[in-house]
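Please walk through the salt bridges of this model. Keep the sequence and the 3D view side by side.

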Amino acid sequence: MELPSDQLAVVEAASADDRRTVEQLSEETGLATAAVTRAAFELEAEGLVAVTETTDESVSLTAEGESYLDAGLPEHRLYSAAVEAGADEGGVSMGQVIGAADLDGAAVDIALSNFARKGYGEIDSGEINADSGIDPDDDPEAAALKAIDAGDAVGDDDVLDHLDRRGLIERDERTVRSVELTDAAVTELMAGIEEAQEVDRLTPDLLTSGEWEDVEFADYNVEADAEAIDGGKMHPLRGMAERVKEVLVGMGFEEMNGPHADAEFWINDALFMPQDHPARTHWDQFALDVPPMDDLPDEVRQDVEAAHREGAGPDGEGYHSPWGEEMARQVDLRGHTTSLSARHLAGVAQGDLEPPQRFFSVEKAYRNDEIDATHLLEFFQIEGWVMAEDLSVRDLMGTFTEFYEQFGITDLEFKPTYNPYTEPSFELFGEHPVTGEVVEIGNSGIFRPEMLDPLGVECDVMAWGLALERLMMLVTGAEDIRDVHGTLADLEYLRTEEVRY
């Protein structure tokens with residue numbers, strides 16, 4: 001029997017007694033894994049080997065999971081602090097226990113929810129009661145984290161599912177192909193197999209020499225795995241942004257642009273955001289160590305200051321809180337693209353505007369958020385506004401309905417909220433197609449007189465800021481925006497995900 005060189009090498013390296021993976025055969029033969037796989041399928045077609053496929057799952061800790069190895073799970077820290085404060089004998093102030101547990105930010109919510117889920121005690125009316133006899137060391141989730149860190153297997157799928165939902169582990173699945181000789185192959189090996197003189201391509205030398213008439217050409221296996229080639233393609237998020245622009249231009253909107261780094265005046269003050277608002281601290285904004293911005297229009301600046309101090313219109317009262325020009329001139333990375341709207345409405349961007357007007361942008365914004373599946377330090381915001389007479393909430397909702405229908409989203413939900421610069425204000429929600437979770441996808445409202453009057457706008461303006469990444473999640477089913485862009489982007493997802501409209 002004669003076999004091509006690759007097939008012969010695989011047959012000689014394979015065994016009839018145990019299965020050997022493609023990777024093992026590749027290492028032993030010196031052939032690429034793609035060549036081994038191709039040869040194995042060709043041999044299987046000849047009845048000389050059996051190819052089996054299994055799924056291999058690997059589990060690793062995320063950065064958050066690794067941090068809990070040393071500090072302990074938040075619910076454990078909360079329970080230990082509660083017991084130490086006497087909560088196993090009676091109710092203790094929740095604030096006292098949280099402070100003693102050294103928890104802050106999102107860790108507080110994580111601790112409280114898992115404290116209740118694991119039956120460590122009860123939380124009622126701001127007090128914590130801890131059940132006695134609980135041993136956090138017996139927690140299977142904590143034990144699983146240690147096992148994964150040590151490279152040991154965790155057999156409890158329910159525990160892994162909980163850790164996965166909490167974002168403490170990453171699961172990776174891959175297909176493992178194994179090869180085993182058949183009885184027919186053993187018989188042929190005992191009889192002796194020779195290497196066939198085959199060629200796999202027609203070359204200029206074969207043509208000019210005439211040897212092509214005498215050589216044996218290898219069969220072409222159309223079912224064999226081809227080598228993957230990762231060519232250039234449009235980033236799926238960029239494709240979504242381009243589609244958004246097409247839809248809004250089709251709805252009669254004009255695109256606007258502006259600086260990523262801007263004065264706090266345009267980012268916050270012009271939006272009637274008080275200077276002592278907690279969102280204007282370094283905990284939420286990225287301040288730049290650059291000279292303050294000198295180029296602020298005096299009249300608009302004075303009118304904005306007056307609105308903050310005294311209000312606008314006959315019923316306006318303002319904030320009666322400190323307002324300083326020095327703070328207004330400080331330069332930050334914009335926390336939202338509404339700064340572009342303020343510049344355009346004030347006539348600074350492209351001159352005075354007469355109603356009706358429709359403008360939009362799809363640009364980056366920057367916030368010091370805690371990173372999770374729906375938050376990054378930078379994100380794309382779909383900013384938009386309409387200037388016209390006698391606008392209402394119905395006009396706003398109708399615009400959203402028309403826009404999101406272009407992406408197949410028809411289950412929008414609206415919830416009243418508060419914004420310093422709009423009244424009334426509404427948050428938008430849509431249902432995630434995979435998880436079924438209701439996801440916040442934007443914020444909107446009618447700009448208040450305290451914002452519009454200082455900018456010289458005498459008619460209604462409805463506006464919104466929508467999240468491009470969350471729109472993509474609802475359209476594609478993506479569950480974690482960290483897979484889409486940022487330092488933890490999933491390159492395999494980006495290579496295989498289609499741009500969807």
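Predicted model: local features only at pLDDT ≥ 70, side-chain atom pairs only at ≥ 80, totals over all residues.

Residues are numbered from 1 along each chain as its sequence is written, and side-chain values use heavy atoms, with hydrogens and water left out.

How many salt bridges does the structure hold? There are 29. A salt bridge here is a side-chain nitrogen of Lys or Arg within 4 Å of a carboxyl oxygen of Asp or Glu.

Start with Glu-57 and Arg-171. Their side chains form a salt bridge, 3.7 Å from N to O. Glu-57 sits in strand S3 (residues 49-61) and Arg-171 in strand S7 (residues 169-181), so the pair ties together parts 114 residues apart in sequence. Strands are DSSP runs of E, at least two residues; helices are runs of H or I, at least four; both are numbered from the N terminus. Glu-57 is partly exposed at 37% relative accessibility. Arg-171 is partly exposed too, at 28%. Buried means under 20% relative accessible area, exposed over 50%, and partly exposed in between (1.4 Å probe, protein chains only).

Now turn to Glu-450 and Arg-448. Their closest N and O atoms are 3.2 Å apart. Both residues are buried.

Next, helix H20 (residues 491-496). Arg-495 and Glu-492 both lie in this helix, three residues apart, about one turn. Their side chains meet in a salt bridge at 3.9 Å, N to O. Arg-495 is partly exposed at 41%, and Glu-492 is partly exposed at 47%.

Finally, the network. Salt bridges with shared partners join Glu-75, Arg-117, Lys-118, Asp-139, Glu-141 and Arg-166.
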